[in-house]
Amino acid sequence: MHRYIIKRILFMIPTILGVMFIVFVLMRVLPGDAVEIRYAEEGTFVSEEMLVQERARLGLDQPIWHQFVKWIWGIVRLDFGISMWTGRPITHEIKIRLELSLQVALMATFFATLIAIPLGTMAALKQDTWVDYVIRIFSIAGLATPSFWLGILMILMLLIYFKWLPPMFFTSLWKDPGANLSQLIWPALAVGYRYSATATRMTRSSVLEVMREDYIRTARAKGLWEKIVITRHALKNAMLPVITVIGLEFAFLIGGLVVTEQVFNLNGIGKLFVQSIAQRDYTMTQTLVLLVAITFIVVNFVVDILYAWLDPRIRYQ
Amino acid sequence: MNTVEVTASTIRQKANTMPRWLRVVSRFARQKPLGTSGAVLILLMGLVAILADFIAPYDPLATRYDLMMQPPNAEFWLGTDAFGRDILSRLLYGSRTALLIGLSASFLGATIGAIIGVVSAYFAGKTDLIIQRLMDMLLSFPLIIMALAVVAVLGTGTGNVIIAIAVPMTPRCARVVRSSALAIRESPYIDAARALGFGHGRIIFRHMLPNVMAPYLIMLTVFLAQAILLEASLSFLGLGVSEPTAAWGLMLRGAAVEFAEQAPWMGIFPGLAISAAVFAFNLFGDSLRDALDPKLRI
Amino acid sequence: MRKGNDLNIARLIVGAALITILALAFTPATMRAEEPVYGGTLTFAVAKDPPSYDGHRETTFAMIHPVAPHYSILLKFDQENYPKILGDVAESWKISEDGLTYTFKIRKGIKFHDGKTLLTARDIKATYDKIIFPPEGVSSARKGSYAMVKSVEAPSDDTVVFHLKWPSPSFLANLASPWNFIYNGDILAKDPHWYEKNIMGTGPFKFVEHVPGSHWVAKRNEDYFMKGRPYLDGYRAIFIKSTSARVAAVRSGRALIEFRGFSPAGRDDIVKAQGDKIKVQEGPWICYLSVAVNNTRYPFDDPRVRRALTLALDRWEASKTLSKIAIIKYVGGILRPGSEYAATEEELTQIAGFSKDIEASRKEARRLLKEAGVEEGSKFTFKNRDLPMPYEPMGIFMVDQWRKIGLDVELKVEETGPFFGDRKKGDFDMIMDWECGFMDEPDLQLYKFLSHGVSGSNYSRYKDPVLDELYEKQARAKTKEERRKLIRTFEKRVLDEQAYTFPTLWWFKINPHWAKVRGWNQLPSHYLNQDLRDVWLAEK
């Protein structure tokens, strides 16, 4: 077991380095750079001389390999550098947005779990009855509604029927819970519904799978009391893959709410992400991709270890 | 739906005289009514896409500045958009774009993914390790971010949008197919094939790939749904196909959002079309998984 | 006849009655308008964050809107009487007869926001030295507009003198540039980059807080040099990227105004929801969309083909219809219609593509194409930006117009980076082009049309020494009549004779805002009039 864990940790290093390399190259392959975009955007003409000078300030005139090594050396010392667009430290820019993103992700996960586990279990226990169908239609509808569209509809409804709009800027939960929740509950609902769809399906199929196991079948045949005990027991076993899905989705929610954040005007990591790609803010995009990748890899790792620990049948490969 | 059920029961009576594929279809129709309704919706969409030239009442590109933003009426059943173009016609033609991009992207993504997955499982050892780490790298980019980056590098346009959607799908399929292929690799007949001295290529393509058909097909339908949604999102962000091409995501953008309150028909119908299509593919995909490989986790 | 007379009389009576009622209804309001109320916080929406805070370096309105109220400038445009110029920190000025020396008297006792440092002529010299003669490593975006300046001097604490190399009719207006924030000379001497991340000005509002991506907060400057101003206690700018979210913000009252402008749909939504609580200011905008044609690529190297492209556009129809769905409206040439040197409607209709007889124009276009050997159904591409407003509707419109003269033009939408790259490299048949200015000034607006290489923003890639010469002549013209004439010749050559490139429509600035926001007049540029000095909030 220990060897397995150590091996897995060592494997993370090349993966992370690879991600760093890909994003570094990808950003530089994109046409245009931060300087060009900054000045071309408004249609104002600025001299080539000024562009050259601004590039030099950002270190873009140095050889590519030099920039790469510099970046990696910085990361090793936990120095993420400054944003090429605003000139402020990247850690500062991320810190401002992280609280909001984490909170939306947590709230959405909460909603999703609240919906998914009972519905998914019910659908499995009543497989191929109308209960199952209704639940499946409800959850697939969640997958089928583009989240940006759902967001726009929600905002319009609030505006038209309640003449009210969620607050336009973020207030910390600890400062003013009312303002905070009235802003974040809507996107959390919109995202949570979609996210619950995946989780409901996963719950349904893994409960179904456990129900097919022999010991459960026997128990169910024996009588009511056993039925209850075993069903509860079975549920516990079935939750493992569900937790995996929830965990991985959660990792993505932090950086992946690109369109939803735009529709609800949330100052989160997803918006920063898209903005930094559009602005060719190399350093910012690189750091964000790195963070999302590390989160993903670590969550994945934890899930794998959990599996191995809980289910000794899994071979450590 | 009634017609389907009636057909199904008639078929059951004549089951013995029916060809094999029809029997399979009829059994699926009986056991999975949800999946069947999904399949019917998909067929309908395919028909519309093929016959768009004949059934669309107007030229989807024809602008009529005297008839901007007309509400649904006898002449324009679903109304007109901000340029006086007929929304129904644009929706019908839009199914072409959605299917073309959806099918090609998911086919490309799932196929390459399946091959990578099988190759990885077959060779095992170092090859597997390296391929898996590569897939991990690709997987750790969020789907939409990866698609955004690919479009930014390659530029917009139908071909590039297909690639942008296929790239992030590849590692997802590779992963699922690999785990199925690992089991097949251990099976006696692969050993036998190896003992007979068959080449790697032959074993992979003739013996292993056909055996991962179930997860492959399931992934394909799931990807189709995701691809249609992703295409709509990219178009919505202005990075998909270009105007004036008829595409559902494009129809949801710009004026449709701006005039959402004054001319809601401009956005509601394309939104519904996207939902219906994604819904249908998901219904079908779910039932397909139930039928083919209930243990598959996607 | 009699009946007609009766009707007229009846109308007169009704009209008079209406006027009286209206007058009665509005008198209290007008009286209140004359007596501004103090206090309140103005919330306004801005589409983006300022990249840095340095006005001399940036070129975006997203910097101007939140940052401008912190600073004073030398001169400013009069919001009651554009394009009249007023002094801001300048009390008065004198221009020498040869037009080579500009002497400014600076107001006394202006304090910086630290509450101690006094603003002197040395600060103004340091500011303009940074703009015109930036030290090594310091960027000045509009340095090129001040090529005529020989030196800036501060002979005493309250006098600044600009010495020019040649007389320039546009120089005074250039000193009213909204970008030229006056900085503190001592700070600049220590660190010329200090102002990129910090605020220290003499403007009506002091900096409180900036949360990147979220908002910007400022409070009243109690020491502001103008007695009794500003009226507001402070302001809060909210950064909202999505257009519909910005409209929703104003509609719900979460923001009271957005200074750049909304689309017609946004305006209608807001007005419909809030009725007479909303006031709408509409007008022309010093921005236009145009088509850059690649003059170096076959068949666009043939003036007949280029002429056909512009002839195909029904600008008058576009003005009527597109202005219902987009922020484009005015038919104009190379200068904003209605501005001092712009072509009149009559002069305009003489130019190819501006005639009101579109059928004749299209017939002529088809004839020219045939003559030039361009076949019916020829395929070209037109590259456009990926922004919905106003690029997308215009792109769809143009492609449709070209279809009507038998050209099959594909609209290719590109993301910002590739779009700018292709435009600069000349990798296109035709590409969307545009320009926005902060004031109506032929020197600025005509610059774009100079030979490729002379002008960095000539994306059509033609070279024409005749135009370069005409430009120099109009820039130094002695009288307005002479300048006007030269500009007409210039315009005719660019748009008609050679049809190198051509404007489509000029923009339409729509500012719906809560009626309680008073004291802000829409000017034809979203860069101007943003110091919020005169803005106040009525109680209702």
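Reply: Contact here means that heavy atoms lie within 4.5 Å of each other. The model is a predicted one, and what follows should be read with that in mind.

Ser52(C) is found in the loop between strand S1 (41-46) and helix H2 (61-67) of chain C. Leaving aside its neighbours within four places in sequence, Ser52(C) is in contact with Arg57(C), Glu58(C), Met63(C) and Glu196(C), and also with Arg38(A) from the partner chain. Ser52(C) counts as buried because its relative accessibility is 1%, where the cut-off for buried is under 20%. The side chain of Ser52(C) makes a polar contact with the side chain of Glu58(C), at 2.8 Å, and a polar atom of the Ser52(C) side chain also lies 3.3 Å from the backbone nitrogen of Asp54(C).

Across the interface of chain C and chain A, seven salt bridges are found, together with 16 residue pairs in polar contact, both residues of each pair being at pLDDT 80 or more. On the side of chain C that touches chain A, at least two residues each are supplied by strand S8 (205-211), strand S10 (234-239), H6, helix H13 (416-425) and strand S16 (430-436) of chain C. In total, the contact takes 51 residues from chain C and 42 residues from chain A, and the area buried between these two chains is about 4000 Å², of which carbon and sulfur atoms give 50%.

Turning to chain B, 29 residues of chain C are in contact with 24 residues of chain B, and the area buried between them is about 2300 Å², with carbon and sulfur atoms giving 53% of that area. The count between chain C and chain B is two salt bridges and three residue pairs in polar contact, again with both residues at pLDDT 80 or more. Glu392(C) forms a salt bridge with Arg253(B), and the closest N and O atoms of this pair are 2.7 Å apart. Helix H6 (243-252), helix H7 (264-274), helix H9 (315-325), helix H12 (391-403) and strand S15 (408-414) of chain C each supply at least two residues of the side that touches chain B, and H12(C) gives the most to that side, with six residues.

Leu47(B) is placed in helix H3 (residues 33-55) of chain B, and, together with Ile50(B), Leu51(B), Phe54(B) and Ile55(B), Leu47(B) makes a nonpolar surface patch of about 530 Å². Leu47(B) is classed as partly exposed because its relative accessible area is 48%. Ser180(B), by contrast, lies in helix H7 (residues 158-186) of chain B and is classed as buried because its relative accessible area is 18%. The C-alpha atoms of Ser180(B) and Lys126(B), which are 54 residues apart along the chain, are separated by 19 Å.

Conventions: Residues numbered from 1 in each chain as written. Chains lettered and ligands numbered in written order. Predicted model: local features only at pLDDT ≥ 70, side-chain atom pairs only at ≥ 80, totals over all residues. Heavy atoms only, no water. Patch = residues over 30% accessible without salt bridge, like charges linked within 9 Å, V, L, I, M, F, W, Y side chains within 5 Å. Areas by Shrake-Rupley, 256 points an atom, 1.4 Å probe, with all protein chains shown as cover. Salt bridge = Lys/Arg side-chain N within 4 Å of Asp/Glu carboxyl O. Helix = DSSP H or I, 4+ residues; strand = E, 2+ residues; numbered from the N terminus. Buried < 20%, exposed > 50% of the residue type's maximum accessible area, 1.4 Å probe, protein only. Buried area = accessible area lost by both parts, 1.4 Å probe. Polar contact = N/O pair within 3.5 Å; in protein donor to acceptor, adjacent residues only side chain to side chain.
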